[in-house]
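Please look over the sequence and the structure shown here. The report that follows goes through them topic by topic.

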Amino acid sequence: MTGRRLHPFTLLAIAGALPALAWILPAPAGGACTAAVALVLTASRGLRRGLWPAVLTAAPFWVFLRLLHDVPTTIAIGLRITTMVASFVWLAATLAPDRLVEATVARGWSVTAAYLFAATITAVPMLRGRARRIVEAQRCRGLSPRGSLGNRLRALRALALPLVLSALHDVDERALALETRGMVSGARRTPLAPPPDSAVERAARWALLVACVAALIWRLK
Amino acid sequence: MKSLTLERVSFWYPATEAPALRDVSLDVSQGEIVALVGAVGAGASTVLLAAGDLAPRLTGGRIVGTVSRRERSAIVLPTPWTQVSGLAFTVWDEVAFGPANLGWPTHEIARQVDRALEHLELGPLATRDPATLSGGELQRVIIAATLAMDSGLVLFDEPAAELDAEGARKLWRLIRVLAKEGKAVLLATSALDALPDVADRLVWLEDGAVRAVGTPELLADVAACDAGLGTSVATVWGASGLPGPYPLTVAHAVRRWR
């Protein structure tokens, strides 16, 4: 299941319920189950788009946890963090921002709040693409991102500064452009193609919520 | 009827002491095209931001003077890739983004979007992903998206910057069509050679202040040519040491030779 055709709220519910359950259910079994489900979901989006980014993002957390904690604690917290990371990577690879905005608008909620969330989801791939272009431009100007540690640090600075400055500049211009295209607080946007929301999906979302609440009550007893 | 009036407007960007605009007064009527010309940093883009109610509301800073608008305004900025919504996976949806935000009924949105796409000859690209378009194509999409909002006051900041020569010629024709439809157009551009056929009036900005206001003939003025704001024909004529008054266009020059 890639989740591509699921209603955006269902995707959000899954991506929210998995980390919640990972932290509520007893470790390490609970975290292992949720991490396994989350990793299977990310793998369904492909190795390069899903699984590898999730694993590579989660790996440093495991290293730091091991430096700070014993093995059982590392496993317990590591599995929970892996669930969080994998759920977000799956969501970012699966959720189409336009469908989320349409679903939110169709529900009568604020379009600006939906846009903020959708923009957060799309920020990572956009920044990655921009970073790639900056690296190419800096290479053309003779900067090598390979070699000694000093070389790499210089290359990192030459990447980070233009990346941050250009991103800030773009945010400025984008805010102007969105404003002039009617994206203002309190706007009542017309939904153009709201994604279908079946009774089964609505029931599944409620089931996920009930499962989280039930698990919490069970753990607090 | 005046669609836009700026009266003695001065504007300071945040954390700056020198004003970006100094006592600027201008107006644009319905059906009129007013072009802002000036060197880089003269304040043309800032005038557009103030006219579009974006400065200081979004940019921050401080404004003195009065800006009055009788119409809803729309602005086309020079960099198309920062103006895409990021929420549309087809050109049609991108163009519909603004009208949908205005809460129009879907049939009206469809009508305006189709009309704007036709104006910009974007029909064949309607189903393309905006992320796959060239800079010029994307600029045409953004212009279409602006037109689809059917604003009475349209502000253009270097709209031809990403377009090829033919694309720019079509854009200038389109801007004339917009004026014929009754829209007020305020335009900042460095494409000076296009202005004699496009603009009704010119406002020459220098260091944030209005230096002169007039017809496009201003671009054949000796002082404008000396400031690098003459048309190519006028500039070449002057540089050749030929006697004034300088011709504005090739057609004028031919008449002078005969």
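## A salt bridge within chain A

In this predicted model, the side chains of A:Glu102 and A:Arg189 meet in a salt bridge, with 3.4 Å from N to O. A:Glu102 belongs to helix H5 of chain A, while A:Arg189 sits in the loop between H7 and helix H8 (199-220) of chain A, so the pair ties together parts that are 87 residues apart in sequence.

Side chains of opposite charge can pair when their charged atoms come close. Over all chains, a search of the whole structure finds 19 salt bridges.

## The fold of chain A

Chain A has eight helices and zero strands. The C-alpha trace of chain A spans about 60 × 55 × 30 Å along its principal axes.

## Where chain A meets chain B

How many residues of chain A are in contact with chain B? The contact involves 25 residues of chain A and 34 residues of chain B. Between them the two chains bury about 2400 Å², and 60% of this is on carbon and sulfur atoms. In chain A, the residues that lose the most area to chain B are A:Leu176, A:Thr180 and A:Arg181; together they account for 31% of what that side buries.

Between chain A and chain B, ten residue pairs are in polar contact, counting pairs with both residues at pLDDT 80 or more. Three elements of chain A give two or more residues to the side that touches chain B: helix H5 (97-106), helix H6 (111-140) and helix H7 (149-180). H7(A) provides the largest share of that side, nine residues. Sorted by class, the side of chain A that touches chain B has 14 nonpolar, three polar and eight charged residues.

## Salt bridges across the interface

The rule finds two salt bridges across the interface of chain A and chain B. One of the salt bridges in the model joins the side chains of B:Arg57 and A:Glu179, at 2.7 Å from N to O.

## Backbone details

Two cis peptide bonds can be described here, one in each chain. In chain A, a cis peptide bond joins A:Ala27 and A:Pro28, with omega about 0°. A:Pro28 is placed in the loop between helix H1 (8-24) and helix H2 (29-44) of chain A. In chain B, B:Gly244 and B:Pro245 are joined by a cis peptide bond with omega about -5°. The loop between helix H8 (232-239) and helix H9 (250-257) of chain B holds B:Pro245.

Chain B also has a residue with a positive phi: B:Glu121, at about 55°, although it is not a glycine. Where is B:Glu121 placed? B:Glu121 is in the loop between helix H3 (106-119) and helix H4 (135-147) of chain B.

## A cavity in chain B

Rolling a probe the size of a water molecule over the atoms shows where empty space is left. A search of the whole structure finds one cavity of 30 Å³ or more. The largest cavity holds about 30 Å³ of space.

Which residues line the largest cavity? The lining is made of B:Arg115, B:His119, B:Leu147, B:Leu178, B:Glu181 and B:Lys183. By class, the lining has two nonpolar residues, one polar residue and three charged residues.

Conventions:
Residues are numbered from 1 along each chain as its sequence is written. Chains are lettered from A and ligands numbered from 1 in the order in which they are written. This is a predicted model: local features need pLDDT of at least 70, side-chain atom pairs count only at pLDDT 80 or more; totals for chains, interfaces and linings use all residues. Side-chain values use heavy atoms; hydrogens and water are left out. On a 1 Å grid over the protein atoms alone, a cavity is a set of points where a 1.4 Å probe fits but cannot get out, and a pocket is an open set with protein on both sides within 12 Å along at least five of seven lines; lining residues have an atom within 4 Å of a point. Grid points are joined across faces, edges and corners, and a volume is the space filled by probe spheres set on the points. Ala, Val, Leu, Ile, Met, Phe, Trp, Tyr, Cys and Pro count as nonpolar, Asp, Glu, Lys and Arg as charged, and the others, Gly among them, as polar. Contact means heavy atoms within 4.5 Å. Buried area is the accessible area (1.4 Å probe) that two parts lose on being put together, summed over both. A salt bridge is a side-chain nitrogen of Lys or Arg within 4 Å of a carboxyl oxygen of Asp or Glu. A polar contact is a pair of N or O atoms within 3.5 Å; within protein, one must be able to donate a hydrogen and the other to accept it, and residues adjacent in sequence count only if both atoms are side-chain atoms. Helices (H or I, at least four residues) and strands (E, at least two) are DSSP runs, numbered from the N terminus.
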